[in-house]
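Here is a walk through one protein model, from a single side chain out to the cores and the confidence scores. Keep the viewer open as you read.

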Amino acid sequence: MPTDKQPELFEIDDVQLFAPGEWHLGDVWTAQDIARMIEDTHAAGIEKIPVRLGHGSSTFNPVVNGEPAAGWASNFRMVKDKLVGKFTHLGRVVRDAIARKNYSRVSIEVYRDYRDAATGRTFSNILKGVALLGYEWPAVSTLEELNALYSADGRTYRIITMNRADLDTDPDDLTPHQVIEQWCRSQQLDPNDARAYAEGYTHTAGGTLCL
């Protein structure tokens with residue numbers, strides 16, 4: 001019977017997608033290389049890329065075979081030396097699989113020597129997609145796990161293990177908002193983000209913030 005009920009969709013922000021290092025087939029990436037890839041992706045008019053379940057076969061063509069996107073990744077930015085983004089439009093099945101740690105790692109897919117048909121411009125590296133990894137082992141080993149951002153109760157968290165050295169003042173003398181504001185500054189995040197983090201603040205214990 002037809003229904004007007006909208007499907008439940010979920011988001012995960014602050015997902016670490018890529019980091020500097022020597023990775024697949026000996027490719028060496030610096031923080032500057034990653035920042036340039038973000039700039040070129042935007043310059044090519046690409047604001048979001050599909051999230052898929054695993055990399056799949058190297059011969060699999062999702063355009064021909066009709067593989068659906070499991071979600072979308074967007075809001076690409078650098079946080080310190082890492083590429084970070086936001087997952088949106090995740091269905092409950094995918095969300096629950098992440099919460100159960102069936103998918104705990106990610107791996108980006110990149111277009112090499114991408115040519116923009118509309119402008120004729122060519123870019124060295126453009127973001128193409130993001131794979132959620134379960135059985136497969138990621139090439140980039142320095143990214144935090146997805147479950148560090150997501151919990152089984154359906155809420156989104158940002159789990160931060162923080163040293164007192166990250167703060168200018170003893171945290172016992174600060175309000176939650178002040179703690180997070182100082183942490184944002186130490187992590188080179190936009191100070192305007194501090195209010196949003198503080199609204200999700202739950203507690204501090206043993207140097208860990210649960211946001």
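At 22% relative accessibility, Arg77 counts as partly exposed (buried is under 20% relative accessible area, exposed is over 50%, and partly exposed is in between, with a 1.4 Å probe and protein chains only). This is a predicted model, where local features need pLDDT of at least 70 and side-chain atom pairs count only at pLDDT 80 or more, while totals for chains, interfaces and linings use all residues. Residues are numbered from 1 along each chain as its sequence is written, and side-chain values use heavy atoms, with hydrogens and water left out.

Arg77 sits in strand 5 (helices, H or I with at least four residues, and strands, E with at least two, are DSSP runs numbered from the N terminus). A polar atom of its side chain lies 2.8 Å from the backbone oxygen of Asn75. Setting aside neighbours within four places in sequence, Arg77 is in contact (heavy atoms within 4.5 Å) with Asp13, Asp14, Ile38, Lys82, Leu83, Val84 and Gly85. Take Asp14: Arg77 and Asp14 are 63 residues apart in sequence, yet their C-alpha atoms are 9.4 Å apart in space.

Is Lys82 buried or exposed? With 19% relative accessibility, Lys82 counts as buried. Beyond four places in sequence, Lys82 touches Gln16, Phe18, Ala19, Arg77, Thr142 and Leu143.

## Helix 1 and what covers it

Helix 1 runs over residues 31–43, and its 13 residues should span 18 Å at 1.5 Å a residue; the end C-alpha atoms are 18 Å apart, so the two agree (the expected span is 1.5 Å times one less than the number of residues). Which residues of helix 1 are buried? They are Ile34, Met37, Ile38, Asp40 and Thr41. Looking down the axis, these buried residues fall within an arc of 170°, so they line one face of helix 1 (the arc is that of the directions from the helix axis to the C-beta atoms). As background, an α-helix has 3.6 residues a turn, so residues three or four places apart point the same way.

Over on the other side of helix 1, Gln32, Arg36 and Glu39 are exposed. The cover over the buried residues of helix 1 includes strand 1 (9–18), strand 3 (28–29), strand 5 (71–79), strand 6, strand 7 (105–115) and strand 8 (122–133). Just past helix 1, Gly45 takes a positive phi of about 80°.

Helix 3 (residues 92–99) has Val94, Arg95, Ala97, Ile98 and Ala99 as its buried residues, and their cover includes strand 1, strand 4 (48–53), strand 6 and strand 8. Just after helix 3, Lys101 has a positive phi of about 70°.

Leu146, in the loop between strand 8 and strand 9 (159–161), is buried at 2% relative accessibility. Among the residues that Leu146 touches beyond four places in sequence are Val15, Phe87, Ile98 and Arg105.

## The cores

The largest nonpolar core has 33 residues, and those with the most contacts inside it are Leu17, Phe18, Leu83, Phe87 and Val106 (such a core is a set of buried Ala, Val, Leu, Ile, Met, Phe, Trp, Tyr and Cys residues joined through side-chain atoms within 4.5 Å). Strand 1, helix 1, strand 4, strand 5, strand 6, helix 3, strand 7 and strand 8 each give two or more residues to this core. A second, separate core of five residues includes Leu167, Leu174, Trp183 and Cys184.

## Overall picture and confidence

The protein has five helices and 11 strands, and 38% of its 211 residues are buried.

The mean pLDDT (the predictor's confidence in each residue, from 0 to 100) is 77, and 69% of the residues score at least 70. Among the elements, helix 1 has the highest mean pLDDT (96) and strand 10 (residues 203–205) the lowest (36). Residues 194–211 stay under 50, and the model has 45 contacts for them beyond four places in sequence.

Conventions. Polar contact = N/O pair within 3.5 Å; in protein donor to acceptor, adjacent residues only side chain to side chain.
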